[in-house]
Amino acid sequence: MTTLMTILGIVVFVLGLLFSIAWHELGHLTWAKVFKVRVPQYMVGFGPTIWSRRKGETEYGVKAVPLGGYIRMIGMFPPGADGKVTARSTSPWRSMIEDAREQSFEDLQPGDEDRLFYTRKPWQRIIIMFFGPFMNLILAFVLFLVVLMGFGTPQAQPTVSYVQQCVVASNSTEAQTKTCTHANPETPAAAAGLKAGDRITSFNGVAITTYDQLQNEIRKHPNDRVTLGITRNGQSISQPVTLTTNTLYAIDSNGNPTDQTVKVGFLGIQPITPTVQLGLGESLDKMGGMAKQGVSSIVALPSKIPALWGAAFEGKKRSLDSPVGVVGVARVGGDVLAMHAPASARIATMLNLLAGLNLSLFLLNMLPLLPLDGGHIAGALWEAVRRRAAKLVRRPDPGPFDVAKLMPVAYVVAGIFVCFTLLVMVADVVNPVRLG
């Protein structure tokens, strides 16, 4: 049964990925048609076509490799300075430019002269290119909202679930025992007589409303004697406690663990973590935090390549915050449905996974680099700035910005992405990230 659920989870994730890609390309297609740009093809995937059907002037289809998609718009790049769309050059860099220019006019038909992408106003091209990733953002927003407001999210409360009896080193493999030793002394919580069900309402006179607040207060007082306000069986208790010290890895400004360690206070309790349905405001705040974390993760990608290489080829441990590709996320999707958890929890986790995927697609595609959508947006913005500046100083209109000239850079960027994708794929196969 576990194997069957794992396979089902992988299939569900792949279908979700295909829908996310199709949804992305629908954003481009819709606005291209609104602005009357001719679109000969709308394809989900790359490689050989496994199914297609023509409707009107557009061929809709699915290709064999579900690693992306595209719509083909005619006239993506303007003609060269000589007015031609074809040219031959012995320079490989120049050939890249002219080949891209020629391909953008391959499907040109009589009457298409007014339906070329590059002839649209910069703001129209920005909308066409932006709405692909924006559709992913919309889908991520809806899925996160469904999970947070509908299914709920585990939220630690300042109520004791259980008390850890003995202090065990963080790198120890010892099981928790009820008999403490000099090496593993009694925890402050056990020594103070804290019990399961105790709700901590204050810390040194400061009112406590969330577990995060309590945790932060505890960590700020290593080896200090503090006073906890506790509600137990409806009665209020004031309990003095002498905290001990724990060693943790420091967290950087992006929320990622570093190699540096810090000494923090330690109490020795595990909080209850009920599933709580959030309100709209709380959900928006949480999604804002997720978006910031997503941006930080993308910024940190280059710094994670050495560890990823070590996990792929040197047998080093794969960290939980390691970059994960389509293969890895599909495996995680399989793990999600195979979890020993209520069906609602598994569904919520799968929806969270797909929401995170769509948020990543939005953020990656907004990078101002060709061949990503953000690269075309940056080109259109630069053209708008040039034309506005020329108008202000009463100079001739400089015309459309020739994005084709950036194709050598686009090939370099694409090559880097391909190499990174292959590295992640190898790591996902030989040393995958697994759900705990």
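Let's start with a term. On a 1 Å grid over the protein atoms alone, a cavity is a set of points where a 1.4 Å probe fits but cannot get out, and its lining residues have an atom within 4 Å of a point.

Now the model. It is predicted, so local features need pLDDT of at least 70 and side-chain atom pairs pLDDT 80 or more, while totals for chains, interfaces and linings use all residues. Residues are numbered from 1 along each chain as its sequence is written, and side-chain values use heavy atoms, without hydrogens and water.

How much space lies in the largest cavity? About 80 Å³. Its lining includes M76, F117, R125, H376 and F401. Two elements each give two or more residues: α3 (122-151) and α10 (373-392). Helices here are DSSP runs of H or I, at least four residues, and strands are runs of E, at least two, numbered from the N terminus. The largest share, three residues, comes from α10.

Next, aromatic pairs. Rings of Phe, Tyr and Trp (its six-membered ring) pair if their centres lie within 6.5 Å; planes under 30 degrees apart are stacked, over 60 edge-to-face, the rest tilted. The count is 11. W31 and F35 are tilted, 5.8 Å centre to centre with 35° between the planes. F35 and W123 are edge-to-face, at 5.6 Å and 90°. Why does this pair tie together parts that are 88 residues apart in sequence? Because F35 lies in the loop between α1 (2-34) and β1 (41-55), and W123 lies in helix α3.

One cluster holds W31, F35, W123, F130, F131 and F134.

How values were computed: On a 1 Å grid over the protein atoms alone, a cavity is a set of points where a 1.4 Å probe fits but cannot get out, and a pocket is an open set with protein on both sides within 12 Å along at least five of seven lines; lining residues have an atom within 4 Å of a point. Grid points are joined across faces, edges and corners, and a volume is the space filled by probe spheres set on the points.
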